[in-house]
Amino acid sequence: MVDGMQKTLLVLNDLKKKGMIIDYAIGGGMGIVFYIEPILTYDLDVFILTGNETNLQPLTALYQYLKKLGYQPKQEQIVIEGIPVQFLPAFNGLLNEAVREARRINYQGTEARVMTVEHLLAIMLQTGRTKDRERFLKVLDEAEIDRPKLSRILKRFELLEKYRKWKRSQDEK
Amino acid sequence: MKNKAVDPGTILATQLRAKNDWRRRQAKLPFARKVEIVIRLQKLAVEIGAVMGRKPAGMVWRLPSGKYQKGLLRQTRNSKPSTR
């Protein structure tokens, strides 16, 4: 049975095939769910490479194309096959690398790309909201992490100090 | 017969460890199964929101008209704009 998520992934793969985007990777809450126990999250954050990340309106063409397919935008999201999807251009070095190095997964026979857990941790550190901090500690506790890889990413994007600070708060608990 | 003393601290620690083990087992579920659980959680959040008279933040609702509307936190059916 093809579910809403699988249909959405097929649309994402089609966007890539048609050259609307160079690549994509699932991040945010749903990306995290790939590695830890299911948590409540309301949308599918899809980070994209468009080849022109400096463009102020990189999503216009994408939204126009999806609208033609019958998918309606609502505020910052567009609802594809019942799943609210938020497209986010990979506007900085870390996001760009996270999309390029995302892992390929198989979702019910459909290929999809999910950010690595190490990149997700680094993005949570960089974003730094309370929600990110809570999720960060949860991921550290539950997921299998390649520590040397995480260290390399944190060092490259100058996040080591923040990592130590957040980690300390976990150790104190 | 002498009653054995029960250490509540030990019981709590055992329970917490069991809960953590369960979480780690949940983390190893197939992604499709997890997505299914997330969707169920969303539905539950909607139901809880309805009971509490508010919409969960960030939730996109499908209206009977077929349109989608993003929910707002603390938006209740009976809420009135402040007069202050």
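Colleague: Is Thr41(A) buried or exposed?
Modeller: This is a predicted model, in which local features need pLDDT of at least 70, side-chain atom pairs count only at pLDDT 80 or more, and totals for chains, interfaces and linings use all residues. Residues are numbered from 1 along each chain as its sequence is written, chains are lettered from A in the order in which they are written, and side-chain values use heavy atoms, without hydrogens and water. Buried means under 20% relative accessible area, exposed over 50%, and partly exposed in between, with a 1.4 Å probe and protein chains only. Because the relative accessibility of Thr41(A) is 6%, this residue counts as buried.

Colleague: Which residues is Thr41(A) in contact with, leaving aside its neighbours within four places in sequence?
Modeller: Thr41(A) sits in the loop between helix 2 (28-33) and strand 2 (44-49) of chain A, where helices (H or I, at least four residues) and strands (E, at least two) are DSSP runs numbered from the N terminus. Taking contact as heavy atoms within 4.5 Å, its partners beyond those neighbours are Gly29(A), Met30(A), Arg135(A), Val38(B) and Gln42(B).

Colleague: How many bridges join strand 6 of chain A to strand 7 of chain A?
Modeller: Two strands pair if DSSP finds at least two bridges between them. In this hairpin, Tyr107(A) stands opposite Thr110(A), and Gln108(A) takes a positive phi near 50°. Strand 6 (residues 103-107) and strand 7 run antiparallel, and the bridges joining them number five.

Colleague: In what order do the elements of chain B run from the N terminus on?
Modeller: Chain B has two helices and two strands. Read from the N terminus, their order is α-α-β-β.
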